[in-house]
Each structure stands twice: as structure tokens, then as C-alpha cells.
Amino acid sequence: MTNPIPHIPSLHDADLAARLQQRIDTKTKPLGALGRLETLMLRLGLILGSEPPALVAPQMMVFAGDHGLAARGVSAFPSDVTWQMVENFLAGGAAVSVLARQHGLALTVVDAGVAHDFAPREGLAIAKIARGTADSSQQPAMSEAQCLQAIAAGRELLQQRPGNALLLGEMGIANTSAAALLLARLQGLPIEACTGRGTGLDDAQLARKTAVLAQVLERHAGVAAPLEALAAFGGFEIAMMVGAVLQAALERRVIVVDGFITGSAVLVAAKLQPAVLERCVFAHRSNESGHALMLEALGAEPLLDLGLRLGEGSGAALAWPLLESACRILKEMASFASAGVSEKA
């Protein structure tokens with residue numbers, strides 16, 4: 001793949017938008033009575049270029065990678081949990097595994113850069129760039145070449161999969177640190193506001209994490225451009241998600257964004273190609289401290305607010321039935337004319 005960053009055109013289509021809005025407004029209901037579900041209907045129709053839209057072969061992709069920064073004690077869990085949770089995903093025992101089964105989502109776990117060697121098996125895509133990133137407090141987390149390789153790999157992995165919807169998930173001890181660093185630098189926000197408790201830090205551990213992240217930002221003070229920031233701070237799983245997001249946007253797939261870490265990948269992708277955001281549906285607002293700021297930066301209004309902070313795509317899977325409902329209502333709900341119901345006087 002010669003250019004890993006494709007051009008993403010805008011979806012602006014005034015005629016289609018008008019037809020979709022007319023279809024929504026003439027359903028057997030008071031105008032606007034389905035609230036934000038109506039906004040979702042319109043968005044799905046515009047993304048898929050269809051009146052009405054239909055969701056086909058949804059792909060849940062959970063990208064996993066380890067972070068060298070974990071050695072600085074920024075997580076409550078050891079790095080081994082990354083590979084152990086990958087095994088849990090593959091064995092069907094994680095929350096996202098259960099939800100994927102429930103909702104008929106094809107689940108692929110991607111080894112983007114886990115510090116562990118996995119036996120090949122169904123449901124696992126091995127695309128390892130390296131056995132974890134470098135410690136970003138000492139050097140860039142990845143080289144420019146590694147960053148571009150991960151983006152290209154994310155694009156290629158999605159190209160190999162059918163369907164018109166991508167649900168994003170991730171796993172990687174210390175990846176809330178990477179996401180906080182990306183948010184702080186790309187949005188010019190104080191690191192204290194972007195840093196949360198991750199896997200469950202206490203107050204003292206949170207203070208340590210924040211101090212470490214401030215040191216990382218200082219070490220890479222000259223880094224400003226999106227790809228430079230991704231290489232300096234990101235994880236292989238985040239970079240690979242950037243590629244998958246860009247490819248999904250190029251193919252006009254619906255992109256269902258989970259939480260804080262998947263949001264950081266979308267933030268980078270949107271800095272590179274702003275029209276990416278036209279293809280995104282944001283699943284939920286998490287309890288991770290910085291996620292509200294991330295959503296604000298992305299101009300996003302999430303579908304759910306359940307106090308989640310699990311990651312791994314669980315919020316995206318929980319929101320998925322709302323997308324299915326929006327499409328079914330748009331297709332199957334009667335209009336005033338077809339049902340013979342009188343409209344508002």
C-alpha cells in the first residue's frame with residue numbers, strides 16, 4: 001500500500017438527506033417523537049448512501065497491543081494482562097465475546113503488538129508490529145516506519161472482511177495513558193484533565209500516572225502533527241485502529257466508536273481526514289476522566305451513558321441494537337399514508 005492515508009471525501013448529499021428526512025417525518029408518529037433515534041436514522045442513511053439503509057455483516061474488531069510506558073507504573077495491572085485477556089476474548093469468556101455472540105457480531109481479535117506469541121486459531125489475526133511499543137518516557141513509542149506499517153495493516157485487515165459496519169474495540173495495559181497523551185497534545189489540553197484512573201488506580205497511583213504523563217509530554221515537547229503524536233505516544237493497537245477507521249470511512253462503512261481509547265484513534269484519523277467523523281456513531285460516554293473532553297473534541301453525542309469503563313468494544317456492542325432498530329424503523333414502520341392514519345391538522 002503506497003499511501004497509507006487515503007483521501008476521505010465528504011458525504012454531503014442534500015437530495016438524499018431531504019429524502020431521508022421526509023421518510024422519517026412521515027412515519028406514524030408526532031414529528032421528532034423518536035428523538036435522537038431519528039438523528040441516528042438520518043446518519044446511517046447518509047453513511048450507507050441508502051434510503052432506507054441496511055446493516056450487513058457487522059465486524060467487531062478488538063485490537064490488542066502492549067505499551068512500554070507500563071513499566072513506569074501507570075496501570076493498576078501488569079502487562080501480562082494484555083495477552084491473558086486476548087486469550088479470554090478468544091475463549092469466549094470476555095464481556096465483548098458474550099455481547100458479540102448475543103448480537104451476531106463477527107469478532108476478530110487483532111494482535112497488533114502484544115508482548116506474547118499466540119498460537120494461530122480462528123478469530124485471531126496476527127499482525128504484530130513488535131512485542132509492544134517502546135517506553136515513551138524515554139523515546140518515541142514507535143518509529144515513523146512502524147507507525148505507518150501499523151496504519152497500513154489496519155487498512156488491509158478491514159479490506160479482508162465483509163460487511164458495511166465496523167465496531168471498534170481494544171485491549172492494552174497502559175493504553176489509557178497513550179490516549180490521554182494524544183488528547184492532551186492534539187487538543188492542547190492540560191494532561192491533568194485528560195488523565196483518568198484507567199483500570200482502577202487509587203489517588204496516589206493517579207497522581208503518579210499524571211506526573212509520568214507530564215514528563216512524557218515534556219520529553220516530546222516539539223511533537224505536534226497527528227502522525228508524529230501517534231508515533232510518539234500511541235500504541236500499535238491505536239495506530240492499527242487509525243488505519244481501520246480510515247479504510248472503513250473510505251468504504252462508507254458505519255464506524256461504531258467504543259470509548260476513550262478507540263476515541264483517541266478516531267481523533268488522530270479525523271485530524272488527518274476530517275470527513276472520517278461523518279461516518280462515525282459514538283456508542284457511549286465512559287467514566288474515564290478525559291472521555292467527555294474526547295467526545296467534545298470530536299463533536300460527538302454518544303448514544304449511551306451507562307458509567308462503563310471496561311473498553312474492549314463492550315460499549316459499541318451494547319449500542320449496536322440501537323443502530324439495528326433505527327434501520328428497521330426506517331424500513332418497516334408505516335407512513336401516515338400507507339397506514340391510512342390522519343396526520344396532524
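This is a predicted model: local features need pLDDT of at least 70, side-chain atom pairs count only at pLDDT 80 or more; totals for chains, interfaces and linings use all residues.
Local features need pLDDT of at least 70 and side-chain atom pairs pLDDT 80 or more, while totals for chains, interfaces and linings use all residues. Residues are numbered from 1 along each chain as its sequence is written, and side-chain values use heavy atoms, without hydrogens and water.

**View 1. The largest nonpolar core and Val254.** This core (buried Ala, Val, Leu, Ile, Met, Phe, Trp, Tyr and Cys residues joined through side-chain atoms within 4.5 Å; buried is under 20% relative accessible area, 1.4 Å probe, protein chains only) has 113 residues, and Phe63, Leu230, Phe233, Met240, Val254 and Leu323 touch the most other members. Helix α10 (residues 236-250; helices are DSSP H or I runs of at least four residues) gives the most to this core, 11 residues. Beyond four places in sequence, the contacts of Val254 (heavy atoms within 4.5 Å) include Leu44, Asn164, Arg279 and Leu323.

**View 2. Strand β2 and its partners.** Six of the eight residues of β2 (residues 106-113; strands are DSSP E runs of at least two) are buried. Gln59 is bridged to Ala106 of β2, and Asp111 to Ile126 of β3.

**View 3. The lining of the largest cavity.** Lining residues, which have an atom within 4 Å of a cavity point (1 Å grid over the protein atoms alone; a 1.4 Å probe fits but cannot get out), include His67, Thr133, Phe233 and Gly234. Helix α6 (residues 175-187) supplies the largest share, three residues.

Notes. Buried means under 20% relative accessible area, exposed over 50%, partly exposed in between (1.4 Å probe, protein chains only). Two strands pair if DSSP finds at least two bridges between them. On a 1 Å grid over the protein atoms alone, a cavity is a set of points where a 1.4 Å probe fits but cannot get out, and a pocket is an open set with protein on both sides within 12 Å along at least five of seven lines; lining residues have an atom within 4 Å of a point.
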